[in-house]
Amino acid sequence: MATTFVFVLFLGFVLGGMMLMLAPAYLETERERARQAQERRAAKAIRASEAATAIPGFFAGLDATRIPPVPLAFDDALLAQLERHVRAEQAIVTQFVRYPSIDSLYRQEGSSFHLH
Amino acid sequence: MVELLRQAELVEGLSPGHLRRLAAIGRSRTLRPGEYVFLLGDNADHLSIVVKGQVDLCFPMSLGDVVKDISVESVLPGKTLGWSALVKPYRFTLSARATEPSEVIGFARPDLLQLFEAELQIGYTLVTRISELVSVRLSTFQALWARELQRRLVTGTQPGVA
């Protein structure tokens with residue numbers, strides 16, 4: 001009876017000890033798996049973004065340095081547009097020249113020139 | 001030539017005698033459409049009065065490799081051209097180009113200065129008129145520049161506008 005009791009105790013200690021030894025190893029393995037999974041996800045995201053930027057976009061980006069300017073023809077139409085703008089602005093400032101004031105300087109909106 | 005000069009704003013107030021003395025040193029020049037009276041940067045040695053046609057004052061603008069003159073002011077008969085001939089550094093700050101068959105009367109600076117010394121009233125009148133022209137030019141371009149700057153400032157501070 002006593003022998004059996006001792007044997008059971010001994011067995012319990014052995015099994016408990018084994019569990020205690022295996023548990024850290026198990027936790028370490030799980031941590032390692034999680035770390036590798038995270039690295040795989042990060043690598044996948046980088047590859048995806050690289051692939052996206054390599055593909056020409058349908059819509060023009062806001063980075064002007066990546067988009068070459070569209071060359072404009074300095075033709076008679078553009079010249080006439082420029083001259084109309086200048087003359088219109090001069091007509092507006094004529095009032096300022098005669099009667100200088102902040103109001104006469106900025107009162108009328110005028111036409112803003114835009115290249116098309 | 002005296003009759004042609006009589007309509008000029010530059011000589012408003014001059015007596016007939018003074019007009020004759022001024023006309024004596026004037027040289028008439030005819031211009032074809034597109035012909036330049038002077039170019040921006042040229043040595044300004046002639047003061048001119050437009051007596052017929054139209055001369056446009058221009059400045060160059062470039063886009064790419066193309067340079068074109070932009071007309072900024074039309075000088076009609078009776079108006080003065082090339083006041084830089086009497087204002088240092090005696091360099092034209094704009095170009096002047098005839099837009100139709102035109103005629104101008106030019107006065108060389110040495111002849112004008114000599115006349116001014118002999119007839120102070122002529123010098124006083126012309127220089128007074130020129131100072132008015134310079135004032136108008138300065139005020140005009142100052143206002144144009146201020147308006148453009150204001151426009152850029154407003155455009156730059158509007159949300160969603162680059």
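The following legends describe close-up views of a predicted model.

**View 1. The open sheet of chain B.** Four strands of chain B form an open sheet in the order 2-7-4-5, with antiparallel pairing. From one strand to the next, the twist averages 40°.

**View 2. The pairing of strand 4 with strand 5 in chain B.** Strand 4 and strand 5 of chain B run antiparallel and are joined by 9 bridges. Pro60(B) stands opposite Asp69(B), a residue of strand 5 of chain B.

**View 3. The largest nonpolar core.** This core comprises 32 residues, and the members that touch the most others are Val37(B), Ile49(B), Val50(B), Val55(B), Leu81(B), Ala96(B) and Val104(B). At least two core residues come from each of the following elements of chain B: strand 2 (36–38), strand 3 (46–52), strand 4 (55–63), strand 5 (66–75), strand 7 (95–98), strand 8 (102–108) and helix 4 (120–157). Strand 3 of chain B makes the largest contribution to the core, with 4 residues. In soluble globular proteins, nonpolar side chains tend to be buried together.

**View 4. The surroundings of Val55(B).** When residues up to four places away in sequence are not counted, Val55(B) touches Val37(B), Val50(B), Val75(B), Leu81(B), Ala96(B), Arg97(B), Ala98(B), Ser102(B) and Val104(B). Among these contacts, Val37(B), Val50(B), Leu81(B), Ala96(B) and Val104(B) are also listed, together with Val55(B), as residues that touch the most other members of the largest nonpolar core.

**View 5. The contact between chain B and chain A.** On this interface, 17 residues of chain B are in contact with 17 residues of chain A. Strand 4, strand 5 and helix 4 of chain B each supply at least two residues of the side of chain B that touches chain A. Helix 4 of chain B provides the largest share of that side, 9 residues. By class, the side of chain B that touches chain A contains 9 nonpolar, 5 polar and 3 charged residues. Helix 2 of chain A (residues 76–98) lies across strand 4 and strand 5 of chain B and runs at about 35° to strand 5 of chain B.

**View 6. The loop between strand 6 and strand 7 of chain B.** Lys88(B) and Pro89(B) are joined by a cis peptide bond with an omega of about 10°. Pro89(B) is placed in the loop between strand 6 (80–81) and strand 7 of chain B. Tyr90(B) also lies in the loop between these strands. Although Tyr90(B) is not a glycine, its phi is positive, at about 60°. Tyr90(B) is partly exposed, because 13 other C-beta atoms lie within 10 Å.

Note on methods. Residues numbered from 1 in each chain as written. Chains lettered and ligands numbered in written order. Predicted model: local features only at pLDDT ≥ 70, side-chain atom pairs only at ≥ 80, totals over all residues. Core = buried A, V, L, I, M, F, W, Y, C linked by C-beta atoms within 7 Å. Buried ≥ 20, exposed ≤ 12 C-beta atoms within 10 Å, placed from the backbone. Contact = placed C-beta atoms within 7 Å. Nonpolar A, V, L, I, M, F, W, Y, C, P; charged D, E, K, R; others polar. Pairing = 2+ DSSP bridges. Axes fitted to C-alpha atoms, helices over the stretch in contact; angles between N-to-C directions.
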